[in-house]
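Me: Could you walk me through this protein fold step by step? I would like to learn how to read it.

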Amino acid sequence: MLTSVDTDLIRVLADPLRLRIVTLLARETLCTTHLVEETGARQTNLSNHLKVLREAGVVDTEPCGRYTYYRLRPEVVETLAGQFTDLARAARATADAGLKRSCP
(Lines give C-alpha, C1' and ligand atoms only; values in the text may rest on other atoms or scores of the structure.)
Protein backbone atom coordinates (compact mmCIF):
# COMPACT_ATOMS: atom_id res chain seq x y z
CA MET A 1 0.00 0.00 0.00
CA LEU A 2 1.42 3.36 -1.03
CA THR A 3 1.02 6.02 1.62
CA SER A 4 2.99 8.89 0.15
CA VAL A 5 2.37 11.22 -2.73
CA ASP A 6 4.80 12.65 -5.28
CA THR A 7 5.40 16.02 -3.60
CA ASP A 8 7.40 17.40 -6.54
CA LEU A 9 4.46 16.84 -8.84
CA ILE A 10 2.09 18.42 -6.34
CA ARG A 11 4.31 21.52 -6.22
CA VAL A 12 4.25 21.69 -10.02
CA LEU A 13 0.46 21.45 -10.13
CA ALA A 14 -0.10 23.73 -7.13
CA ASP A 15 0.51 26.86 -9.18
CA PRO A 16 -2.88 28.23 -10.30
CA LEU A 17 -1.76 29.00 -13.86
CA ARG A 18 -0.15 25.59 -14.33
CA LEU A 19 -3.28 23.91 -12.99
CA ARG A 20 -5.35 25.97 -15.46
CA ILE A 21 -3.04 24.88 -18.30
CA VAL A 22 -3.38 21.23 -17.27
CA THR A 23 -7.16 21.58 -17.09
CA LEU A 24 -7.26 23.07 -20.60
CA LEU A 25 -4.94 20.40 -21.99
CA ALA A 26 -7.13 17.68 -20.49
CA ARG A 27 -9.82 18.79 -22.95
CA GLU A 28 -7.70 19.23 -26.08
CA THR A 29 -4.18 19.56 -27.44
CA LEU A 30 -3.33 23.26 -27.73
CA CYS A 31 -0.51 25.45 -28.98
CA THR A 32 1.04 28.30 -27.04
CA THR A 33 -1.10 30.85 -28.90
CA HIS A 34 -4.29 29.07 -27.82
CA LEU A 35 -3.06 28.89 -24.23
CA VAL A 36 -2.27 32.61 -24.20
CA GLU A 37 -5.80 33.35 -25.45
CA GLU A 38 -7.43 30.98 -22.95
CA THR A 39 -5.46 32.03 -19.87
CA GLY A 40 -4.74 35.70 -20.56
CA ALA A 41 -1.15 35.11 -19.45
CA ARG A 42 1.77 36.72 -21.23
CA GLN A 43 3.53 34.47 -23.70
CA THR A 44 6.86 34.54 -21.84
CA ASN A 45 5.18 33.72 -18.51
CA LEU A 46 3.20 30.93 -20.13
CA SER A 47 6.31 29.51 -21.80
CA ASN A 48 8.08 29.38 -18.43
CA HIS A 49 5.17 27.46 -16.89
CA LEU A 50 5.05 25.09 -19.86
CA LYS A 51 8.76 24.42 -19.41
CA VAL A 52 8.14 23.43 -15.79
CA LEU A 53 5.30 21.12 -16.88
CA ARG A 54 7.49 19.57 -19.60
CA GLU A 55 10.41 18.99 -17.24
CA ALA A 56 8.06 17.38 -14.71
CA GLY A 57 6.79 15.04 -17.42
CA VAL A 58 3.22 16.34 -17.19
CA VAL A 59 2.96 17.41 -20.83
CA ASP A 60 4.38 16.29 -24.15
CA THR A 61 5.19 18.60 -27.05
CA GLU A 62 4.50 18.23 -30.73
CA PRO A 63 6.17 20.66 -33.14
CA CYS A 64 3.92 21.75 -35.98
CA GLY A 65 5.56 24.29 -38.30
CA ARG A 66 6.44 27.35 -36.26
CA TYR A 67 4.07 26.33 -33.46
CA THR A 68 4.45 23.88 -30.62
CA TYR A 69 1.43 21.93 -29.47
CA TYR A 70 1.11 20.67 -25.91
CA ARG A 71 -0.65 17.49 -24.82
CA LEU A 72 -1.39 16.35 -21.28
CA ARG A 73 0.07 12.97 -20.34
CA PRO A 74 -2.95 11.32 -18.67
CA GLU A 75 -0.88 8.58 -17.05
CA VAL A 76 0.85 11.19 -14.88
CA VAL A 77 -2.48 12.46 -13.55
CA GLU A 78 -3.73 8.89 -13.11
CA THR A 79 -0.65 7.98 -11.08
CA LEU A 80 -1.10 10.99 -8.82
CA ALA A 81 -4.81 10.23 -8.43
CA GLY A 82 -3.93 6.65 -7.52
CA GLN A 83 -1.52 7.85 -4.87
CA PHE A 84 -4.24 10.02 -3.32
CA THR A 85 -6.67 7.09 -3.50
CA ASP A 86 -4.16 4.94 -1.62
CA LEU A 87 -3.82 7.65 1.04
CA ALA A 88 -7.60 7.86 1.40
CA ARG A 89 -7.82 4.06 1.82
CA ALA A 90 -5.09 4.14 4.48
CA ALA A 91 -6.87 6.96 6.32
CA ARG A 92 -10.18 5.09 6.17
CA ALA A 93 -8.56 1.90 7.50
CA THR A 94 -6.92 3.87 10.31
CA ALA A 95 -10.20 5.50 11.27
CA ASP A 96 -12.13 2.21 11.07
CA ALA A 97 -9.55 0.43 13.23
CA GLY A 98 -9.49 3.29 15.73
CA LEU A 99 -5.72 3.50 15.48
CA LYS A 100 -4.41 6.30 17.63
CA ARG A 101 -0.97 6.74 19.16
CA SER A 102 -1.19 7.44 22.86
CA CYS A 103 0.52 10.46 24.32
CA PRO A 104 3.38 9.84 26.76
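Here are some questions and answers about the strands, the helices and the core of this predicted model.

Me: Let's start with the strands. How many bridges join strand β2 to β3, and in which sense do the two run?

Reply: Look at residues 59–64, which make up strand β2. This strand runs antiparallel to β3. The number of bridges that join β2 to β3 is 6.

Me: Which residue in the turn of the β2 and β3 hairpin has a positive phi?

Reply: The hairpin leaves 2 residues between β2 and β3.

Me: Now the helices. Are α2 and α4 roughly parallel or roughly perpendicular to each other?

Reply: Helix α2 spans residues 16–27 and helix α4 spans residues 43–55. Their axes come within 10 Å and cross at roughly 75°. Angles of 65 to 115 degrees count as roughly perpendicular. The two helices are therefore roughly perpendicular.

Me: How many nonpolar residues are in the contact of α2 with α4?

Reply: From α2, the residues L17, R18, I21 and V22 take part. They meet N45, L46, H49, L50, V52 and L53 in α4. By class, this contact has 2 polar residues, 1 charged residue and, for the nonpolar class, 7.

Me: Which element gives the most residues to the largest nonpolar core?

Reply: This core has 20 residues, and those with the most contacts inside it include L13, I21, L25 and L35. Elements that give two or more residues to the core are α1, α2, α4, β3 and α5. With 5 residues, the element that gives the most is α2.

Terms used
Residues numbered from 1 in each chain as written. Predicted model: local features only at pLDDT ≥ 70, side-chain atom pairs only at ≥ 80, totals over all residues. Heavy atoms only, no water. Pairing = 2+ DSSP bridges. Helix = DSSP H or I, 4+ residues; strand = E, 2+ residues; numbered from the N terminus. Axes fitted to C-alpha atoms, helices over the stretch in contact; angles between N-to-C directions. Parallel < 35°, antiparallel > 145°, perpendicular 65-115°, else oblique. Contact = heavy atoms within 4.5 Å. Nonpolar A, V, L, I, M, F, W, Y, C, P; charged D, E, K, R; others polar. Core = buried A, V, L, I, M, F, W, Y, C linked by side-chain atoms within 4.5 Å. Buried < 20%, exposed > 50% of the residue type's maximum accessible area, 1.4 Å probe, protein only.
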